[in-house]
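Please look over the sequence and the model below before reading on. The report that follows goes through a few parts of the fold, one heading at a time.

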Amino acid sequence: MAQKPSKSRFPSTPLEASSLVRVSKTVGISRRAIEDDVEYLLYHFISHPTQTFHDFDRLWHELHFNHVHFACVKREFRANYMNAFYKSFLDYFPSTITPMKSGVLFSLYFMYISQPAIWGKNRIRVTRDLYHNLFEFYVESIDTDTNVEAALIFDKLRESEAFLFVEEQDPDGCFTEEKIEFRKAIEMNQRLEDFKKTKMNSDPIKLCSNDLLNEYKQLALEYQQAKRETFYTPQATSAMKQTLKETANIVETRPRLLRNFLLNSTLGQDETDIVQQVKRTGQQLLNSKRRKIAKEATLAHLQMDMMNRHAP
C-alpha cells in the first residue's frame with residue numbers, strides 16, 4: 001500500500017522559521033510566498049504591451065490580488081503583514097526598468113486603498129533616502145511628461161498621507177530569544193536579501209528597456225544617415241566600381257547604378273532593425289519569466305492543498 005505523503009505544518013528548517021511573517025500568535029506565512037506573489041504581479045504587468053494605470057487596474061482585479069488582505073485578520077498583526085508587502089514592492093523600485101517603477105507605485109496605491117475599513121489603514125514605511133528616490137522619480141516624470149500616471153498616483157499617496165517616515169523600513173519584530181536562537185538563519189536571510197537585490201539590478205531585461213533603446217535608436221539613426229551621405233560621395237561609387245570588377249567581373253561606370261548597388265547591399269541595411277530585434281528579445285524574456293513564475297506559483301498552491309488535505 002502506498003504511504004501517504006507526510007506534510008508538516010511547521011517550518012522544517014531554522015531558515016524558514018526565521019523568515020515567517022506572523023498573522024496570528026501561532027500562525028505565520030512564508031515571506032518567500034509574499035515575495036513570489038509580488039514578483040508575479042510586477043512582471044506580469046511589465047510584460048504587457050502597454051503599462052498604463054488601466055492595464056494595472058485590470059490585472060489587479062484579474063488576479064484578485066486584494067484577497068491577500070484576508071490572510072491576516074488579526075488587527076495586532078496587520079501592520080507587520082502589510083509592511084511585508086510594501087517592502088517587497090519597494091525592493092523593485094531601484095530597477096532600471098522604468099515600467100517597473102510605475103508598477104511599484106501602482107501596487108502600493110492599490111495595496112493601500114484596498115485595505116478593509118474594519119482594520120484601518122496601515123501606512124507605507126519609508127526611510128528618508130527611499131522617499132527622496134520616490135520624489136525624484138515624481139519630479140522627473142512631471143518635468144519630462146513621462147510616466148505621468150505613476151507620478152499622479154505618487155501625488156495621490158502623498159495627499160492621502162499614506163507614507164510613514166521611519167529610520168528603518170523593516171521593523172524589528174523579533175524577540176531577543178528568537179535573535180539568539182535563529183542568529184545564523186537571520187544572517188543567512190539577510191545575505192539572501194542582498195543577493196536578490198543584486199540580481200534585480202542585474203536583470204538582463206533592463207537592456208531591453210525603452211530608455212536604453214531610445215539611446216540606441218538615436219545612435220542607429222545617426223549612423224544610418226551618415227552611411228547614406230557617404231553613399232552619395234564619389235569615393236563610394238569608385239569603391240563600388242572596383243568591388244564589382246574584382247568580385248563579379250562587372251564593369252559599371254554609371255554613378256546612379258553604383259549607388260543603387262550600395263543601397264541594396266548589406267552595407268545599406270536599416271541599422272534601426274537591431275532595436276526591433278532587441279525589443280522582441282526583451283518581450284520573449286518577459287513572457288518566459290512570467291510563465292516560469294506562474295508555474296512555480298501553481299506548484300506552491302498544489303503543495304499547500306496537499307498539506308491542507310493531510311492535516312489532522
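Is the crossing of helix 6 and helix 7 left-handed or right-handed?

## Helix 6 and helix 7

The crossing of helix 6 and helix 7 is left-handed, a term for a near helix turned anticlockwise from the far one by less than a right angle, with clockwise giving right-handed. Helices here are DSSP runs of H or I with at least four residues, and strands are runs of E with at least two, numbered from the N terminus. This is a predicted model, in which local features need pLDDT of at least 70 and side-chain atom pairs count only at pLDDT 80 or more, while totals for chains, interfaces and linings use all residues. Residues are numbered from 1 along each chain as its sequence is written, and side-chain values use heavy atoms, without hydrogens and water.

The axes of helix 6 and helix 7 lie 9 Å apart at an angle of about 130°, where axes are lines fitted to C-alpha atoms over the stretch in contact and angles between N-to-C directions run from 0 to 180 degrees. The two helices are therefore oblique to each other, the class left over once angles under 35 degrees (roughly parallel), over 145 (roughly antiparallel) and 65 to 115 (roughly perpendicular) are set aside. Residues of helix 6 including Leu134 and Phe135 meet residues of helix 7 including Phe154 and Arg158, with contact meaning heavy atoms within 4.5 Å.

## Helix 2 and helix 5

Helix 2 and helix 5 have axes that come within 9 Å and cross at roughly 130°, and helix 2 passes helix 5 in a right-handed crossing. Among the residues that meet here are Leu41 and Leu42 in helix 2, and Val104 and Ser107 in helix 5.

## The nonpolar cores

The largest nonpolar core has 49 residues, and those with the most contacts inside it include Phe89, Met111 and Leu134. Such a core is a set of buried Ala, Val, Leu, Ile, Met, Phe, Trp, Tyr and Cys residues joined through side-chain atoms within 4.5 Å; buried means under 20% relative accessible area, exposed over 50%, and partly exposed in between, with a 1.4 Å probe and protein chains only. Helix 5 gives the most to this core, with nine residues.

Leaving out residues up to four places away in sequence, Phe89 touches Val38, Leu41, Leu42, Phe65, Val104, Ser107, Leu108 and Met111. A second, separate core of six residues includes Phe231 and Leu258.

## His69

His69 is found in the loop between helix 3 and helix 4, and counts as buried because its relative accessibility is 0%. Beyond its neighbours within four places in sequence, His69 is in contact with residues including Arg78, Met111 and Trp119.
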